[in-house]
Amino acid sequence: MRPPASPKENLLMALRHEEPYWLPCPMFDGSVIIVSHGLVEHCQEGRDAWGVEWVLKDTRSGSFPVTHPLKDPEMIDNYPFPSPEEADLTSAVRAAKEVKRDEVLVAGDNGWGLFERAWLLVGVERLFVWSYRYPGAVKRLIERIAEVKVGLTRRLAEEAEVDMVLYGDDWGMNNRLLFPPEWWREFIRPWQARLYRAAKEYGVLVYQHSDGRVEDLIPDLVELGVDVINVQPECNNWPLIKRRYGRRVTLWGGVSARTLDLGTPGDVEREVRAAAELGRDGGVVLAPGHSMRYPPENVEAMRRAWIKYGWYRR
């Protein structure tokens, strides 16, 4: 029997805050594929396209940056930032053409965000010190990063014809932001707005990921035009966010990476059930908090709970 809607149609219903036929879950319903711009943002061993060196610590934790090439604010203007034109989108374009676009939403991954890329280039401590001593230099640094990121967004939209652009930037800790909200509004927001505008120029949906507690920034993100936010329910009050912002933003995630990694199948089921109840009238997409390798029994528990609680109408 033909499903009542394609996976993409059902997903778009949820994004429009209409009652979907089922709780969208790209991990299991095939509603989304993610394509990359091809510029090397991170590697297991070696140097990325921005000049940051990475070393593999262990296979579970992955690789970590070991050098921060910008040592002086005077280096910012002449530092060889990558060009968006260097990105090889061949694989992204091919993947986007191979799927049935009326059945699958194509999302383009923009890579590391403005704050993350800035501290990768400078170092966390140095970035905050510079923002106090040399605020103009830090703003110029963020501007140069944004210029690359805007170019990548445009290429993803023009060449791969993506439906959504995925922006990611970790701004929070478990119980608060990594910085005062005022710092973010001065140093990140103006250029974050450029990223969102670049996507909106093509009619593309804007998705924003951040780890940690970032509720203080959600009003800003909504004002800038974000469509989807992927924030941790263990750090942010999902029911409150949904009540407060209504149809203006969709929540993506719902199952903690910590729960999937270290919890029991029963823990996983409880989180899926809570997301399913919250998403009955749309505005929720079920997904793990992070793309990692999880115990198979917990992945299976997530799938079974999604089938059990996530089907609203047939």
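The model is a predicted one, so to speak of local features pLDDT has to be at least 70, side-chain atom pairs count only at pLDDT 80 or more, and totals for chains, interfaces and linings use all residues. Residues are numbered from 1 along each chain as its sequence is written, and side-chain values use heavy atoms, with hydrogens and water left out.

On to the overall build. The protein chain has 13 helices and 10 strands, where helices (H or I, at least four residues) and strands (E, at least two) are DSSP runs numbered from the N terminus. Its radius of gyration is 20 Å, close to the 20 Å given by the globule rule for 314 residues, so the chain is as compact as a globular protein of that length. That radius is taken over C-alpha atoms, and the rule is 2.2 Å times the number of residues to the power 0.38. Along its principal axes the C-alpha trace spans about 65 × 40 × 40 Å. Of the 314 residues, 54% count as buried, meaning under 20% relative accessible area, with exposed being over 50% and partly exposed in between (1.4 Å probe, protein chains only).

Strands are taken to pair if DSSP finds at least two bridges between them. β1 and β5 run parallel and are joined by 5 bridges, with Val32 having Leu105 as its bridge partner in β5. β5 also pairs with strand β6 (residues 164–168), again in the parallel sense, over 4 bridges. In that pairing, Trp112 stands opposite Gly168 of β6.

Next come the charged side chains. A salt bridge is a side-chain nitrogen of Lys or Arg within 4 Å of a carboxyl oxygen of Asp or Glu, and by this rule the count comes to 25. One of them joins Lys149 and Glu41, whose closest N and O atoms are 2.4 Å apart. This pair links distant parts of the chain, with Lys149 in helix α6 (residues 135–159) and Glu41 in the loop between β1 (32–36) and β2 (46–47), 108 residues apart. Both Lys149 and Glu41 are buried. Lys200 and Asp227 also meet in a salt bridge (2.7 Å, N to O), and Lys200 is partly exposed at 36% relative accessible area. Arg304 and Glu300 pair at 2.9 Å between the closest N and O atoms; both lie in helix α13 (residues 296–309), 4 residues apart, about one turn of the helix. Here Arg304 counts as exposed at 55% relative accessibility, while Glu300 is partly exposed at 28%. A network of salt bridges links Asp77, Arg140, Glu143, Glu147 and Arg194.

As for disulfides (pairs of cysteine sulfur atoms within 2.5 Å), the count is 0. Cys25 is buried at 0% relative accessible area, and Cys43 is buried at 13%.
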